[in-house]
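Subject: Two-chain model, handover and notes

Hello,

Below is the structure that I am handing over to you. My notes on it follow directly after.

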Amino acid sequence: MSGRVRIKDIGLRGDQPLAEIDTDELIPLPPPYDNPGGTIQELKPDAAERMVCNLDGVVALSLPHPESPEEERALVDHFAEGLKKLFTRENNWSFLQPLTLAMEYCVGCQTCSDACHVFKASGQEIYRPTYRSEVWRRLVKKYAKPNGKLMAPLTGADVDLNWTTISRLYELAYRCNLCRRCAQVCPIGVDNGLIAHELRKLFSQELGWAPRELHEQGTVLQLQVGSSTGMNQVLVKDNVEFIDEDMTDETGIEVTTPWDKEGADVLLIHNAGEIMSWPENPGAFAIILNAAGIDWTLASEGIEYDGVNYGLFYDDVQLARIALKHVSAAKKLGVKKIVMGECGHQHKAIMTVADRILTGELRDVKRVSCLPLLEEIVFSGKIEFDPSKNDFPVTLHDPCNIVRNLGIVEPQRRILRYLCPQFREMTPHGVDNYCCGGGSGFAVMSGNNFTDWRVAVAGRMKFKQILDAFADQPGPEVKKYVCAPCSNCKGQIRDMLQYWGALEKSGITYGGLVELIVNAMVDVKEPFIKWEMH
Amino acid sequence: MMSGSIPLAVCYGLLAIFVVAFLIRSLKIARLPLHLRWELAPVPKEKGRGRYGGSYLEEFEWWKKPREESLVAEVAYMLEEIVFLKALWAHNRRLWWFSYPFHIGLYLLVLAAFGGVLASGMAAVGVAGLGWGILPKWIVWVAGVGYVLTALGALGLLASRLADPKLRLITTPVALFNLVLVLAVAVTGALAVTTVPGSAVDAVAFGRALLTAGPVPHMAGVLTAHLILAMAFLAYLPFSQMMHFVAKYFTYHQVRWDDRPLERGGAMEREMQKLLQQPVTWAAEHVHADGRKNWVDIATEEVPR
């Protein structure tokens with residue numbers, strides 16, 4: 001589709017993409033990452049026959065075509081039903097007030113556009129936070145309000161509800177990281193991130209459409225097996241035992257992880273992805289908590305060993321099911337508090353978003369971030385540190401779910417300022433940070449050519465920030481560390497550094513916060529941080 | 001010069017629509033159910049932390065310590081936003097140059113309107129005459145500056161909406177109509193102030209007539225047109241997007257800044273328990289809703305392992 005894209009174009013000419021991404025037109029990166037400025041693999045020639053690919057030449061969701069006009073009609077009708085349900089108290093009390101405010105009071109000033117890392121990196125009209133929202137708003141006005149069609153010429157509700165519209169809108173709901181940077185700058189307080197979230201909910205809760213990685217391989221698998229990684233209780237204990245042995249060999253410190261300790265002060269819940277992909281992170285936690293004398297445990301009951309809750313990104317029902325299980329099992333074990341491991345969305349799901357559905361005796365279990373606990377430990381004097389062991393450039397990525405959404409800004413910084421002599425901030429940082437591009441589940445989504453898009457487009461601003469933070473020592477001879485205290489952010493940063501070859505070209509690697517803490521411990525003789533891509 | 005009058009019934013009708021619709025729409029937002037926590041930093045009331053976006057969740061074992069909130073910091077943030085449109089200044093400077101005079105102009109007109117009501121009230125009870133003291137003069141100046149600023153701002157915003165492709169992208173006919181309506185109110189007001197001798201005294205007399213249900217004075221045509229347009233604008237306001245000044249209270253105080261945790265045994269918990277009893281009708285298979293099961297049933301059902 002050529003020319004400037006209009007709102008109503010979303011429902012027109014469904015046989016061709018609404019927009020096309022030219023990587024040469026993306027915001028430039030500094031050398032040696034400027035030529036080429038990234039590539040996005042073209043879809044296979046038969047892709048359009050197998051699935052819907054009419055948004056932007058990228059396919060995250062592999063939505064099949066309806067098999068008949070009747071099925072197509074039924075799906076569109078279903079969507080219309082869902083649109084109405086979003087505005088009912090029974091079905092959507094959970095977000096009705098913020099959603100209604102976002103629906104009715106956007107003044108169309110486009111202030112949010114420049115706050116969005118996806119739009120800023122690409123300049124694509126369809127990635128403006130308001131594009132998706134305005135399509136949805138016009139659909140609501142026309143199809144979910146009394147006399148909507150009659151009033152359409154006045155209200156500007158010119159979007160047609162058809163298969164093209166809903167199939168594009170489904171894909172477009174997954175071009176937003178739900179980081180809410182747009183909401184932060186909105187003069188009215190309208191939350192376009194929330195609108196993307198509610199659209200995802202509509203698709204999931206009414207039509208049963210959700211990314212396979214988040215639903216079948218995510219929440220459903222977690223509720224069935226215990227973890228979205230597929231690990232059951234036996235396997236997770238085995239894996240952690242291996243990690244303990246490795247850590248003991250590596251550090252010379254006897255590392256043991258306690259399991260299912262009734263009445264423990266702290267129940268630590270990791271994102272189980274850490275155990276699979278970054279074992280040094282749970283290992284480092286064990287070393288620190290043991291050294292500080294914390295009365296802690298991991299738990300194997302139910303889903304208690306995996307803090308993941310992808311329901312946060314697309315489905316209130318799945319969110320509630322998982323959050324209730326997390327806290328119920330902690331209550332049963334009699335622990336005093338749940339401490340969130342280095343996982344941003346886990347923080348947000350259990351600590352705030354699910355807070356108000358945790359009623360009655362579930363309130364007995366307190367929920368707290370690992371970051372203030374680590375700060376307490378580091379400054380308690382219980383562990384001896386030698387900051388010179390961390391004398392290399394370090395920058396900090398602020399996970400949106402921990403920083404912008406929960407306001408936990410300073411504990412991690414106080415630790416880094418103390419333990420890392422060459423710590424430097426990105427610009428902007430703190431609550432004004434840019435999302436890594438992996439937020440809202442993207443980091444685990446890799447269908448078709450979506451990984452290319454999330455790295456080259458969604459992660460572009462973050463990669464630029466990382467390069468800028470290390471601009472004083474750009475060469476590979478100086479090893480540099482991006483501290484990202486969040487599992488999904490680490491997954492995205494790993495993919496980003498690999499995509500650009502940043503370890504080889506610039507000496508940049510990444511990891512969590514606890515790894516830096518252990519690396520600075522006097523009792524740990526060998527360097528804990530490995531300068532390799534993992 | 002043309003002149004005219006306005007039937008009292010029309011005035012009361014328009015003002016009644018304004019008051020009733022304004023209250024209903026505001027109450028409708030306020031009465032929307034308690035939602036899940038959805039706060040967004042910075043939360044300025046967080047004492048000592050709000051300036052950098054921190055919250056009480058930065059404290060280990062925060063529940064053992066009293067919540068420290070700063071009303072001064074919250075009010076200071078609100079004043080900066082209301083008086084200077086700080087968010088727009090910081091993030092969309094180009095539009096601020098039009099939006100700022102537009103809003104400041106409207107603030108002045110509201111102030112002048114209050115002055116007008118005060119003067120009319122005093123005239124109605126006989127405390128003062130129509131030309132009492134300096135009040136009408138003061139009203140004329142405030143209103144005059146308000147009309148000019150509002151008109152300039154509205155013109156700028158209108159031109160931006162028509163000329164700037166990114167604004168045109170999401171501009172609807174209604175949004176243009178809103179600006180034209182405000183522009184018409186401001187221009188007629190400015191004309192009345194500048195071309196009609198004693199317009200403020202006439203306006204106060206009109207106000208007295210409204211308050212006492214007395215005879216509406218005969219006024220200059222442009223002033224009559226202005227008063228009709230102003231009242232029509234008020235009647236229309238609650239049905240429009242321009243109610244965003246009310247919505248903004250809720251987006252900030254009840255969404256972005258509402259970081260209250262639920263307290264066991266508290267009113268919030270009781271409200272939440274009622275909400276969780278509502279039946280669910282979402283149709284996707286994995287929800288397992290049948291229209292009878294409530295949120296508790298659905299969220300706590302066991303999945304076969």
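The area buried between chain B and chain A is about 8,100 Å², and carbon and sulfur atoms give 60% of it. Buried area here is the accessible area (1.4 Å probe) that two parts lose on being put together, summed over both. On the chain B side, B:W38, B:F60 and B:W282 lose the most area to chain A, together 12% of what that side buries.

On conventions: this is a predicted model, in which local features need pLDDT of at least 70 and side-chain atom pairs count only at pLDDT 80 or more, while totals for chains, interfaces and linings use all residues. Residues are numbered from 1 along each chain as its sequence is written, chains are lettered from A and ligands numbered from 1 in the order in which they are written, and side-chain values use heavy atoms, with hydrogens and water left out.

Interface between the chains

Contact (heavy atoms within 4.5 Å) involves 82 residues of chain B and 100 residues of chain A. Between chain B and chain A there are 7 salt bridges, a salt bridge being a side-chain nitrogen of Lys or Arg within 4 Å of a carboxyl oxygen of Asp or Glu. One salt bridge joins the side chains of A:K325 and B:E302, at 3.0 Å from N to O.

The elements of chain B that give two or more residues to the side touching chain A are α1 (8-30), α3 (86-91), α6 (165-168), α7 (173-195), α10 (244-256), α11 (267-276) and α12 (295-300). Of that side, α10(B) supplies the largest share, 9 residues. By class, the side of chain B that touches chain A has 45 nonpolar, 18 polar and 19 charged residues. In this scheme Ala, Val, Leu, Ile, Met, Phe, Trp, Tyr, Cys and Pro count as nonpolar, Asp, Glu, Lys and Arg as charged, and the others, Gly among them, as polar.

Chain B

Chain B has 12 helices and 2 strands; helices (H or I, at least four residues) and strands (E, at least two) are DSSP runs, numbered from the N terminus. The radius of gyration of chain B is 25 Å, well over the 19 Å that the globule rule gives for 305 residues, so chain B is more spread out than a compact globule. The radius is taken over C-alpha atoms, and the globule rule is 2.2 Å times the number of residues to the power 0.38. Along the principal axes, the C-alpha atoms of chain B fill a box of roughly 85 × 50 × 45 Å.

Chain B is divided into domain 1 (3-34 + 85-256) and domain 2 (267-300), with bounds from an automatic or database domain assignment. Their centres, taken over C-alpha atoms, are separated by 45 Å. The peptide bond from B:A41 to B:P42 is cis, with omega near 0 degrees, and B:P42 lies in the loop between α1 and α2 (71-84) of chain B.

Chain A

Chain A has 24 helices and 8 strands.

Chain A is divided into domain 1 (7-207), domain 2 (227-376) and domain 3 (384-519). The C-alpha centres of domain 1 and domain 2 of chain A lie 35 Å apart, and their contact takes 12 residues from domain 1 and 9 residues from domain 2. About 710 Å² is buried between these two domains of chain A, of which carbon and sulfur atoms give 45%. A:H197, A:S204 and A:Q205 supply 44% of the area that domain 1 of chain A buries against domain 2 of chain A, more than any other three residues. Across this interface the rule finds 1 salt bridge.

Two backbone features of chain A remain. A cis peptide bond joins A:T427 and A:P428, with omega about -10 degrees. A:N147 has a positive phi of about 60 degrees although it is not a glycine.

Regards
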